[in-house]
Amino acid sequence: MTDYQYVLRLVLTLAVTVGISFAATPLVKILAYKVGAIDVPKDNRRMHKVPIPRLGGLAIFLAFLLGVLLFAEIDRQMQGILLGSVMIVVLGVMDDIMTLKALPKFIVQIAAAGVAVYHGCAIETVSNPNLFSAVPYINLGVWSIPVTIIWIVAITNAVNFIDGLDGLACGVSAISAGSLFVIALLVSEGNVAIILAALLGACLGFIPYNLNPAKIFMGDTGATFLGYILATISVQGLFKMYAIISFAVPFLILGVPIFDICFAFLRRIAKGQNPMKADRGHVHHRLIDMGFSQKQSVAIAYLITAILGLAAVVLTSSGEIKAMILIGAIVVVGAIGFRFIFTHPLPKEAPGQESSDEKNNEEDAT
């Protein structure tokens, strides 16, 4: 395949998935009303004041699936990822309609991760995070399977955890997919780049319906699917890079959802609570409580994700020193800006303007 043909395939992948996702979302909205997949606000974690249909993630999944089947090469690893994603989506649809308990969802997520691992999607070797060590790489050996399953399940739920404001999880996932897409091109992972273009296009086609005020939520169907795909594709395309930076790149790109899920777990455990019990202490809730509107809070999350993604791209293309300088500068400027902004909170939105993508279950979705 010539460079021209490859670029054309990337453009077509992006265009087709954007179109399918955008066209399918209104149809999924009608379906959500018919099957009763409606998010009715009933507690203070939810920002919206009127019932909103969910299940929008089904449009994202269909667009991604068709894009991959049409334009990507389906090897054994990709077969496992697609099979696992079907399991995640079926689980999400059931949860959006009837609200499942946390334990059965957790079991299905582990099984879906296991399917991907069985088909070869596994973290076998990672770069040593200790830059001063004489051993550049760590071979996980028998630990490869549990480490990979933990990674996939954790990221699946991390994206679901941040799905609390209009457009938040979908936009953050789109930016993360875009960053991964650029890195895949830089390291000549052509097929991975096409898969990420399909994911990016599926998110971009849906997000106009999901921005505040949202017309439809993607629900657990979309949030867990996006988390699952980001987790598995990062395993397939990034952890296998034979460079010292491969350990840090996925953590930078997925930094926002990773921080939120770690913060939520530590906070709940410190309070003696069930770490899976939903509360109003997520980062996006705290931004709202500090006086930021939904749109401002989402914009802050987008900005942080984009900065981390840029740092990951620089880390991949320019090496550790330039990336460390960039990250250091970002930390200094961000700390100054954070202190200034958060000591001068902006007024909250009027209650009538509020809406969110909070789930209708009593527990955060594992």
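Colleague: How many helices and strands does the protein chain have?

Modeller: Helices (H or I, at least four residues) and strands (E, at least two) are DSSP runs, numbered from the N terminus, and the protein chain here has 13 helices and 4 strands. This is a predicted model, in which local features need pLDDT of at least 70 and side-chain atom pairs count only at pLDDT 80 or more, while totals for chains, interfaces and linings use all residues. Residues are numbered from 1 along each chain as its sequence is written, and side-chain values use heavy atoms, with hydrogens and water left out.

Colleague: What share of the 366 residues is buried?

Modeller: Buried means under 20% relative accessible area, exposed means over 50%, and partly exposed lies in between (1.4 Å probe, protein chains only). By that rule, buried residues make up 54% of the 366 residues in the protein chain.

Colleague: How should I read the span of helix α1?

Modeller: The expected span of a helix is 1.5 Å times one less than its number of residues. Helix α1, residues 3-35, has 33 residues and reaches 46 Å from its first C-alpha to its last, which is close to the expected 48 Å.

Colleague: Where in α1 does a kink lie?

Modeller: The bend at a residue is the angle between axes fitted to the seven residues ending there and the seven starting there. In α1 a kink of about 35 degrees lies at T25, shortly before the proline P26. T25 is also among the buried residues of α1, which include Y6, L10 and V28. Just after α1, G36 takes a positive phi of about 80 degrees.

Colleague: Which elements do the buried residues of α1 pack against?

Modeller: Contact means heavy atoms within 4.5 Å. The buried residues of α1 pack against the strands β1 (38-39) and β2 (52-53), and against the helices α2 (57-71), α6 (168-186) and α7 (190-210).

Colleague: Which residues make the nonpolar surface patch?

Modeller: Patches are made of residues with over 30% relative accessible area and no salt bridge, where like charges are joined within 9 Å and nonpolar side chains (Val, Leu, Ile, Met, Phe, Trp, Tyr) within 5 Å; a salt bridge is a side-chain nitrogen of Lys or Arg within 4 Å of a carboxyl oxygen of Asp or Glu. Here L31, V35, V86, V90, M94, I97 and M98 make a patch of about 540 Å². The largest share, 5 residues, comes from α3.

Colleague: Why does V86 count as partly exposed?

Modeller: V86, found in helix α3, counts as partly exposed because its relative accessible area is 37%.

Terms used. Areas by Shrake-Rupley, 256 points an atom, 1.4 Å probe, with all protein chains shown as cover.
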